[in-house]
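Please prepare a briefing on the local geometry and packing of the model shown below.

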Amino acid sequence: MALSQYFAPTRVVFGRGAEEQCGVFLKENGATKVLIHFGGGSVIRSSLLSRVEKSLSEQNLSFVELGGAKPNPRLSLVREGIKLYKEEKCDYILAVGGGSAIDSAKAIAYGVMYDKDVWDFYSGKAKPSAVAPLAVILTLSATGSEMSNSSVITNDEVNPYDKVGCNTDLGRPKLAFLNPELTFTVSAYQTGSGSTDIMMHTLERFFHSGETFEYTDENAITLLNSVWKNTLKALKNPNDYEARASLMWAGSLSHNGLTAAGNPTGGDWSCHRMEHELSALYDVAHGAGLSAIWGSWARHVCSTDYSRFAYLGRQLFSIKEGSDKEACMKTIGAFEEVFRSFGMPVGLHELGLNLSSSDIEALALKASWNKSRTLGDFQKLYYEDMKAIFAEANKR
């Protein structure tokens, strides 16, 4: 019998000015020297990095810095961070940014406690048994990495790149500082992409095999509705604090396990794993890649249980008429319209790609590990299924 577990140990400090308290909380958690890991110049231009430095200095905490985290975070930078952490004798890591900086920081946290190659954890050769303490200051509502057990890293030392996740509860940050005002300057495209990722984290969990759990289903639908409505508000008025706060909290709750609590499996996750190959090869924004293939996945698998899609559509989109199959198809179309309203693509052509048959075969081979694994829980996908889904997405 499958057992459901829910584990969310992260202490969240939420609200205006949350990041200015990071020094107090890190000191209380035993930090003495901190590796600050961040991405690009926006952290510097916005003075966020200066405020973080000030907060640490006020608590007499020393620190070193490593910038350069980018979307689809790179293994080469992780190795640099591991080396810096050890040389500087740090005892805490503070990620400042979105999911890329956080995922990169998680990999560093694994690597500094391991005397072999950190890529072992992502290639499946080993599992982390220890981790350096990690805190995060979130600047983008999207991946939910600030409370999740997930980290996804791109190996830029191979050709083609390889993008793989490592999931372990050791990777859940000890502290997360969430100030919705830090997301006011996020571009419309990144806002839409991030919100799509949030919704997909819930959809991946909603579609699972086995029995359903009424409260968790209702919780998932409420979260999806909130993200939909508040994304449109944030796109209209980027400085809408209430909308940004709702998106930030939804991002955390969508990926910390709450929307799967009580269900017998962790969910489907085939879209995420297929998208990892897409973004590894073509370096596309994760949320945009997900929206570009979700509809094709949904139409490919929906006959497994039309009623599951129909139930979602009737609750979320008020689809009242028609059979379960008809309601299912309307639900898939309605989600694609939601993604379009976010400025996201619903096909690979809309994503700016025009793949050849050999390109599609290469994606399916990578996603299936050269035909050696299946994906999915709602419906198992084999190599031919993955190939068909990529090909269908390539028509749009």
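Glu277 belongs to helix 10, in a model that is predicted. Helices are DSSP runs of H or I with at least four residues and strands are runs of E with at least two, both numbered from the N terminus. At 4% relative accessibility, Glu277 counts as buried, a class that means under 20% relative accessible area, with exposed over 50% and partly exposed in between (1.4 Å probe, protein chains only). Apart from neighbours within four places in sequence, Glu277 is in contact with Lys163, Leu363, Lys366, Ala367 and Arg373, where contact means heavy atoms within 4.5 Å.

Residues are numbered from 1 along each chain as its sequence is written, and side-chain values use heavy atoms, with hydrogens and water left out. Because this is a predicted model, local features need pLDDT of at least 70 and side-chain atom pairs count only at pLDDT 80 or more, whereas totals for chains, interfaces and linings use all residues.

**Helix 10 and helix 11**

- The axes of helix 10 and helix 11 (residues 286–301) come within 9 Å and cross at roughly 125 degrees; axes are lines fitted to C-alpha atoms, for helices over the stretch in contact, and angles run from 0 to 180 degrees between N-to-C directions.
- Helix 10 and helix 11 are therefore oblique to each other, given that angles under 35 degrees count as roughly parallel, over 145 as roughly antiparallel, 65 to 115 as roughly perpendicular and the rest as oblique.
- Helix 10 passes helix 11 in a right-handed crossing, the term for a near helix turned clockwise from the far one by less than a right angle, anticlockwise being left-handed.
- On the helix 10 side the residues are Ser270, Cys271, His272, Met274, Glu275, His276 and Leu278, which meet His286, Gly289, Leu290, Ile293, Trp294 and Trp297 in helix 11.

**Helix 14 and the residues after it**

- Ile360, Leu363, Ala364 and Ala367 are buried in helix 14 (residues 357–367).
- Viewed down the axis of helix 14, the buried residues fall within an arc of 95 degrees, so they line one face of the helix; the arc is that of the directions from the helix axis to the C-beta atoms.
- An α-helix has 3.6 residues a turn, so residues three or four places apart point the same way.
- The cover over the buried residues of helix 14 includes helix 10 (270–282) and helix 15 (383–393).
- Trp369, which follows helix 14, has a positive phi near 50 degrees.
- Asn370 is found in the loop between helix 14 and helix 15; its phi is also positive, about 55 degrees, although Asn370 is not a glycine.
- Asn370 is exposed, with a relative accessible area of 59%.

**Helix 8 and helix 12**

- Helix 8 (residues 214–236) packs against helix 12 (residues 306–316) at an angle of about 55 degrees, with the axes 10 Å apart.
- Helix 8 and helix 12 are therefore oblique to each other, and helix 8 passes helix 12 in a right-handed crossing.
- The contact is made by Asp217, Glu218, Ile221, Leu224, Asn225 and Trp228 of helix 8 with Arg308, Tyr311, Leu312, Gln315 and Leu316 of helix 12.

**Helix 7**

- Helix 7 (residues 188–206) is mostly covered, with 16 of its 19 residues buried.
- From first C-alpha to last, helix 7 reaches 27 Å, close to the 27 Å expected at 1.5 Å a residue; the expected span is 1.5 Å times one less than the number of residues.

**Backbone exceptions in loops**

- Most residues other than glycine have a negative phi, and most peptide bonds are trans.
- The peptide bond from Asn159 to Pro160 is cis, with omega near 0 degrees, and Pro160 lies in the loop between strand 6 (150–155) and strand 7 (162–167).
- Lys89, in the loop between helix 4 (75–87) and strand 4 (92–97), has a positive phi near 55 degrees.
- Lys89 is exposed, with a relative accessible area of 69%.

**Individual residues**

- Ala176 is found in strand 8 (residues 175–178) and is buried, with a relative accessible area of 0%.
- Not counting residues up to four places away in sequence, Ala176 touches Thr10, Arg11, Val12, Val13, Val136 and Glu146.
- Ser55, in helix 3 (residues 48–58), is buried at a relative accessible area of 4%.
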